Amino acid sequence: MITIALSKGRIFDETIPLLAAAGVATTEDPETSRKLILATNRKDVRVIIVRATDVPTYVQYGAADVGVAGKDVLDEHGGQGLYQPLDLNIARCKMMVAVAEGFDYERMVRHGARLKVATKYLQTAREHFAGKGVHVDLIKLYGSMELAPLVGLADAIVDLVSTGNTLKANGLIAVEEIASISARLIVNQASLKLKRVGVQPLLDAFARAAA
Ligand code: ATP
Ligand code: PRP
């Protein structure tokens, strides 16, 4: 049995065509089903539905053989125990620093000010500001980061930006790009060796479809 870990929403939706290219289709839709283990048209393949941030953990410990996770999530996880053979070129966005309109970020940085930064991505933010030599107090949030500068919780946020609509709707502007983000296929290192016969065709089909 090959177990594939996916998160509901954009990762699941954008992985469907890649699964189809490998001849795999789930028999239920995670948006309507409450089931966390989804059967597929193939007896030897199943899909488990987990939180986006938990996908690397399931694959790392071998509870799933393969998974699809954003580079943002993988950078935070660290990637231990994972083989990352493929950039799937889906769920594309950018990791950015953003501030409220009118906040002079460049000036603050130039003057060596200590900044309060709210984010879900502590590792990424820590590395980014350390690389610039900027002192920061990091505040961990789990979502709605865009709110933090508006209510005085933080001077800046580190978050994902795609269309820019969420920033715009909240009067924020992006001031720095940290990284380009896309989803990656991840594989448990032991599964790659022990289940090669089942896993390799899946990797090949994903590679062809993502190219
Ligand atoms: P969790 O449920 O664990 O908090 P999440 O809510 O961030 O995770 P999603 O919103 O489904 O989960 O995002 C999954 C992945 O899609 C992210 O890890 C990121 O790589 C990518 N992503 C997030 N936001 C966007 C966006 N606006 N446009 C494109 N891709 C995005
Ligand atoms: C992500 C991200 C931003 C938004 C950016 O949130 O955290 O808030 O997308 O996209 P935009 O630039 O196209 O507006 P998401 O939609 O995943 O919501 P969530 O964090 O609540 O899951």
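## Domains

Domain bounds here come from an automatic or database domain assignment. For the protein chain it gives domain 1 (2–91 + 182–210) and domain 2 (94–179). The C-alpha centres of domain 1 and domain 2 lie 30 Å apart.

This is a predicted model, in which local features need pLDDT of at least 70, side-chain atom pairs count only at pLDDT 80 or more, and totals for chains, interfaces and linings use all residues. Residues are numbered from 1 along each chain as its sequence is written, and side-chain values use heavy atoms, with hydrogens and water left out.

## Helix α8

Helices (H or I, at least four residues) and strands (E, at least two) are DSSP runs, numbered from the N terminus. Helix α8 (residues 196–210) has 15 residues and spans 20 Å from first to last C-alpha, close to the expected 21 Å (1.5 Å times one less than the number of residues).

Val199, Leu202, Leu203, Ala205, Phe206 and Ala210 of α8 are buried (under 20% relative accessible area; exposed is over 50%, partly exposed in between; 1.4 Å probe, protein chains only). They cover an arc of only 165° around the axis, which puts them on the same side of α8; the arc is taken from the directions from the helix axis to the C-beta atoms. Val197 and Arg208 are exposed on the face turned away from that buried side. The buried residues pack against β1 (2–6), α1 (10–21), β4 (66–70), β5 (82–87), β11 (183–188) and α7 (189–194), with contact meaning heavy atoms within 4.5 Å.

## Cavity

A cavity is a set of points on a 1 Å grid over the protein atoms alone where a 1.4 Å probe fits but cannot get out; lining residues have an atom within 4 Å of a point. Grid points are joined across faces, edges and corners, and a volume is the space filled by probe spheres set on the points.

The count is one cavity of 30 Å³ or more. The largest cavity holds about 30 Å³ of space, and its lining consists of Ile4, Val66, Leu185, Leu202 and Phe206.

Conventions:
Chains lettered and ligands numbered in written order. 1 Å grid on protein atoms, 1.4 Å probe; cavity = no way out; pocket = protein on both sides within 12 Å on 5 of 7 lines; lining within 4 Å.
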